[in-house]
Amino acid sequence: MNANTAFTDEQWNTLVQGVAEAYDDLTLKRGFQYERMGSVQQLSLSEDRRLEAEVKEGDTLCRVELALDLPAGGSCGCKDRKPCRHQAAALMKLARLRGRPVSALANASASGPAARTSRAGGPDAEKGPARDASLEGGSAAAQGGHAESGSPQAARMSARTGADGAGHAEGSRPDFLAAEEADGDGTRKAPGVEQAALLAASGISAWHRRFEEAAASLTGRTRNPKFAELTLSRIFEDLPPFGAGIEALYRLNAHLFVLKTMISSSTGYYAHLAVSDTAAGMEACLAAPLPEPGDPLVRERLDETLGFLRRLMLTEDREQDAFSRGYYRLLTEWAAPESGMPAGEHSDRYESELQYLMDGERELGRSLNRQAWLGANAWSRFCLGQDDRAKALLAEAADKPYFSPKKLPDFLSPAARSGQWERLAGWLETFGPLLERARANLDDYGRMWDETLEHLPDAEPRMWAALSGMLPYASTFYETKLLERERWDEWMDYQLSTGAEPSRFKVTELAPIEKNAPEQLLPFYHQAVERMVEQRSRDGYKAAVKLLKRLEKLYRKMKREERWDFFMESFNARYGRLRALQEELKKGKLML
């Protein structure tokens, strides 16, 4: 981004007015949420004031382009009506980077002209005790000034953060809080570059004290999704102008703070919703790669965050899984990504994790969540290639109450991505009984077996052995696999052994067998007909006649009409006294 391309007050006021005229309030609020979650990437501004950005939404990137002098125009790669939320998010990101109040844009459509003008004056326009009403509702957050990371000014400010970076001023108030400048009337200015450098160097414990101060005004409120939203909004109101890597970690820690607050002090339906929403926000933070991973300060804060989350995971209630999911995502996405990290560093990370887990087991004592510890230990050993030990640990974890594979990372995909098919087959055999005990969904498990057999056909007997061991829970899945692989005789043996009824299957499901192995269906249909007749009811007779008609088609298809005629003669002889059955046979034109 060109650092010389900045807003004058007149240009800023014009932009706010243009946004107010072109964007509706819902679009702006959604754009604010995207900007707050760090979804805006690759932002650039040309000399002719054309803004280009990439906004991440799920697994896709929306490319945004617009002119600041005409915010109603421009383009975006999404299918939304234009102007869209991605364009709004890009404008708000630019405003934050240029030290302008993001809330002026976020609330532009909802506020009157006078209110917009008062907020559009510049970086200091939001001084004073009063906040915009929509910000109190958690819709937007005022954001402070910014100096580009890597600029000479930021480097000088970072150099000032020495041993006193985490010191304290009056009482127990940290220096980085006292360092905020104040106007003559005592109101606080937006945090600046020097404070950001001090805060970045102070460690995440200082961040969490700052979070506590921001959330103090919400004490006593009901713990629900609105409380979580308001808390995050207060925390991000005075977001310091960090570098991209520190900012990503700061946002992640803010979500962890709110998540810990909600889990430790709340119960009930609405609290559960708040926990789910906040956990989703945490995972959204981890969805994008960590910026500036080589920065020593970023690495230091990352290690602290991992240690903090590890402890939360090891002491998590056995019915919860938010911290476990966060721990594995942080470890695999940021701390030790599968790609882009030298193999030696990757192994060192997991060797260190094993040591930390062993230390945690000793330190936490009876407060340790043994199941979580076993899962984390197994994952580290898996990543170090110690598969036998990892499998034993998982088997022990599966014997604990409340075991769920959802609390574990993905043990299968890494082996598939690296083409280790023999290893993957072994892990699929291991996970079969674990999934069966937990009554987990088997769709992904089946796809993994299909992919394995494409590269390792000799492993097919191992798949059947694993699936057989998962019966009866995996019966539907087992039947589907038998049909997919055209094992008609085994499929029929299974149906006969379980007493299944033909009526349980759609005609289209049985059509492949009727086409390729019709003789397999004969005992299936014959036994079902006898059971239906034995019910001695009109409905049973009707169902029996339907099956007899399907049997007739099969015999004729196999060119065994004589056997069919012989069967019907004996059938009528046995049941000739059942008048209702004879009437249904006559309706079905099955009387000889």
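Helices (H or I, at least four residues) and strands (E, at least two) are DSSP runs, numbered from the N terminus. The model described here is predicted, so local features are taken at pLDDT of at least 70 and side-chain atom pairs only at pLDDT 80 or more, while totals for chains, interfaces and linings use all residues. Residues are numbered from 1 along each chain as its sequence is written, and side-chain values use heavy atoms, with hydrogens and water left out.

The protein contains 29 helices and four strands. Contact means heavy atoms within 4.5 Å. Among contacts between residues at least 6 apart in sequence, 64% join residues at least 24 apart.

The interior can be described through its nonpolar cores. A nonpolar core is a set of buried Ala, Val, Leu, Ile, Met, Phe, Trp, Tyr and Cys residues joined through side-chain atoms within 4.5 Å. The largest has 136 residues, of which Tyr445, Leu548 and Phe571 touch the most other members. Helix H12 (residues 244–265) supplies the largest share of this core, eleven residues. Apart from it lies another core, of 36 residues, including Val19, Phe32, Leu43 and Cys84. To return to Phe571, its contacts beyond four places in sequence are Val529, Glu530, Val533, Leu548, Leu581 and Leu585.

The strands come next. Four of them form an open sheet in the order S1-S2-S3-S4, with antiparallel pairing. S1 and S4 stand at the edges; each has a single partner strand, so one side of each is left without a neighbour in the sheet. From one strand to the next, the twist averages 20°. For that angle, axes are lines fitted to C-alpha atoms, for helices over the stretch in contact, and angles run from 0 to 180 degrees between N-to-C directions.

Two strands pair if DSSP finds at least two bridges between them. Strand S1 (residues 40–45) and strand S2 (residues 50–57) run antiparallel and are joined by four bridges. Within this pair, serine 44 stands opposite glutamate 52, and leucine 45 has leucine 51 as its bridge partner. The hairpin of S1 and S2 has four residues between the strands, and arginine 49 there takes a positive phi near 65°. Glutamine 42 lies in strand S1. This glutamine also has a positive phi, of about 50°, although it is not a glycine. Glutamine 42 is exposed, with a relative accessible area of 61%. Most residues other than glycine have a negative phi, and most peptide bonds are trans.

An unreviewed UniProt entry lists residues 64–95 as "domain: SWIM-type". UniProt positions are given in the numbering used here, feature names are shortened, and annotations may be inferred rather than shown by experiment. Over residues 64–95 the chain is 34% helix and 34% strand, and its end C-alpha atoms are 16 Å apart.

Cysteine 78 sits in the loop between strand S4 (70–76) and helix H3 (85–97). Is this cysteine buried or exposed? Cysteine 78 is buried, because its relative accessible area is 14%. Beyond its neighbours within four places in sequence, cysteine 78 is in contact with Cys62, Cys84 and His86. Cysteine 62 is 16 residues away along the chain, and the two C-alpha atoms are separated by 5.9 Å. The loop between S4 and H3 also holds proline 83, and the peptide bond from lysine 82 to proline 83 is cis, with omega near 0°.

Proline 472 is in the loop between helix H22 (460–469) and H23. Glutamate 479 lies in helix H23 (residues 475–484) and counts as buried, at 6% relative accessibility. Not counting residues up to four places away in sequence, glutamate 479 touches Trp491, Tyr494, Gln495, Arg504 and Phe505. Glutamate 486 is in the loop between H23 and helix H24 (488–498). Its phi is positive, near 55°, and glutamate 486 is exposed, with a relative accessible area of 51%.

How values were computed. Buried means under 20% relative accessible area, exposed over 50%, partly exposed in between (1.4 Å probe, protein chains only).
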